[in-house]
Amino acid sequence: MALPWLQRAELALFAAAFLCGAVAAAALTRTQGSFSGSCPLYGVVSLNRSSLALSRPSAPSLCYFVAGASGLLALYCLLLLLFWVYSSCIEDSHRGRIGLRVALAISTIAIFLVLVSACVLRFGTSSLCKSITSLNATISCSEAQKIPWTPPGTALQFYSNLHNAENSSWVSLVLWCMVLVLQVVQWKSEATPYPPLETGDSEWSSETDALFGPRLSHS
């Protein structure tokens, strides 16, 4: 059974949100791994001779929260896609009002989580970059990727990864907002009652004929 076009558009947005969430989670996890498990967001960097070092990192749970939220939402999108692809292949693939209520609640929670994650990435990266540029060892965070870090091998492409994670989170936020709008439209269409049939309508006539038999015309 084919899905309604609004739901097909919703699933297309879920596919895009899955990619954005996966990119954000992978980029931040890779960045945290390059700092030996320390979270660089809102971190303080010190200058050790000619190399940089993350002297005061944030709590690892901060990066775990952002990466975990992005990863869980990406997993939800993937499972939802697989479910509806499977459901569209069988007879009944209609989502009822209860399903729409659950979907609206999940989308609202997802928007909140993605917004918080995007803000943490935005301001956390900005704080880290201010700490780096204040040392006068480099003019930008992107240039700091070319400077040696202590211990060696630390901070490999850290700014590029954080920048990709942030951009993916903002795009994901827009996608989730569009999903919520589509779900609200579907909710409104489901809640709209059908207009009552008038006695002169053809549908009314066909229903009364089926119940009481055709009416005889008086000439």
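This is a predicted model: local features need pLDDT of at least 70, side-chain atom pairs count only at pLDDT 80 or more; totals for chains, interfaces and linings use all residues.
**Strand pair**

Strand 1 (residues 39-48) and strand 2 (residues 51-58) run antiparallel and are joined by six bridges. Within this pairing, valine 44 stands opposite arginine 56 of strand 2. The hairpin formed by strand 1 and strand 2 has two residues between the strands, and arginine 49 takes a positive phi near 60° there.

**Aromatic pairs**

A pair of aromatic rings is described by the distance of the centres and the angle of the planes. Over the whole structure, a search finds seven aromatic pairs. The table gives two of them.

| Ring pair | Distance of centres | Angle of planes | Class |
|---|---|---|---|
| Phenylalanine 83 and tryptophan 84 | 5.1 Å | 75° | edge-to-face |
| Tryptophan 149 and phenylalanine 158 | 5.4 Å | 65° | edge-to-face |

The planes of phenylalanine 83 and tryptophan 84 stand at 75°, and an angle over 60 degrees counts as edge-to-face, so the pair falls in that class. Phenylalanine 83 has a relative accessible area of 46% and is therefore partly exposed. Tryptophan 84 has a relative accessible area of 7%, so this residue is buried; the cut-off for buried is under 20%. In the pair of tryptophan 149 and phenylalanine 158, the planes are at 65°, so this pair is edge-to-face. Both tryptophan 149 and phenylalanine 158 are buried. Elsewhere, ring pairs link Phe14, Tyr76 and Trp176 into a cluster.

**Pocket and cavity**

Rolling a probe the size of a water molecule over the atoms shows where empty space is left. The largest pocket has a volume of about 160 Å³. Ten residues line the largest pocket, and Pro4, Leu6, Gln186, Ser189 and Glu190 are the closest to its centre. Helix 1 (5-34) and helix 5 (158-191) each supply at least two residues of this pocket lining. By class, the lining of the largest pocket divides into four nonpolar, four polar and two charged residues.

The structure also holds one cavity of 30 Å³ or more. The volume of the largest cavity is about 80 Å³. Its lining has 13 residues, of which Gly21, Ser70, Leu73, Val114 and Ser172 are the closest to the centre. At least two lining residues of the largest cavity come from each of helix 1, helix 2 (60-88), helix 3 (97-133) and helix 5. Helix 2 gives the largest share of this cavity lining, with four residues. The lining of the largest cavity has eight nonpolar and five polar residues, and no charged residues.

How values were computed: Residues are numbered from 1 along each chain as its sequence is written. Side-chain values use heavy atoms; hydrogens and water are left out. On a 1 Å grid over the protein atoms alone, a cavity is a set of points where a 1.4 Å probe fits but cannot get out, and a pocket is an open set with protein on both sides within 12 Å along at least five of seven lines; lining residues have an atom within 4 Å of a point. Grid points are joined across faces, edges and corners, and a volume is the space filled by probe spheres set on the points. Ala, Val, Leu, Ile, Met, Phe, Trp, Tyr, Cys and Pro count as nonpolar, Asp, Glu, Lys and Arg as charged, and the others, Gly among them, as polar. Two strands pair if DSSP finds at least two bridges between them. Rings of Phe, Tyr and Trp (its six-membered ring) pair if their centres lie within 6.5 Å; planes under 30 degrees apart count as stacked, over 60 as edge-to-face and the rest as tilted. Buried means under 20% relative accessible area, exposed over 50%, partly exposed in between (1.4 Å probe, protein chains only).
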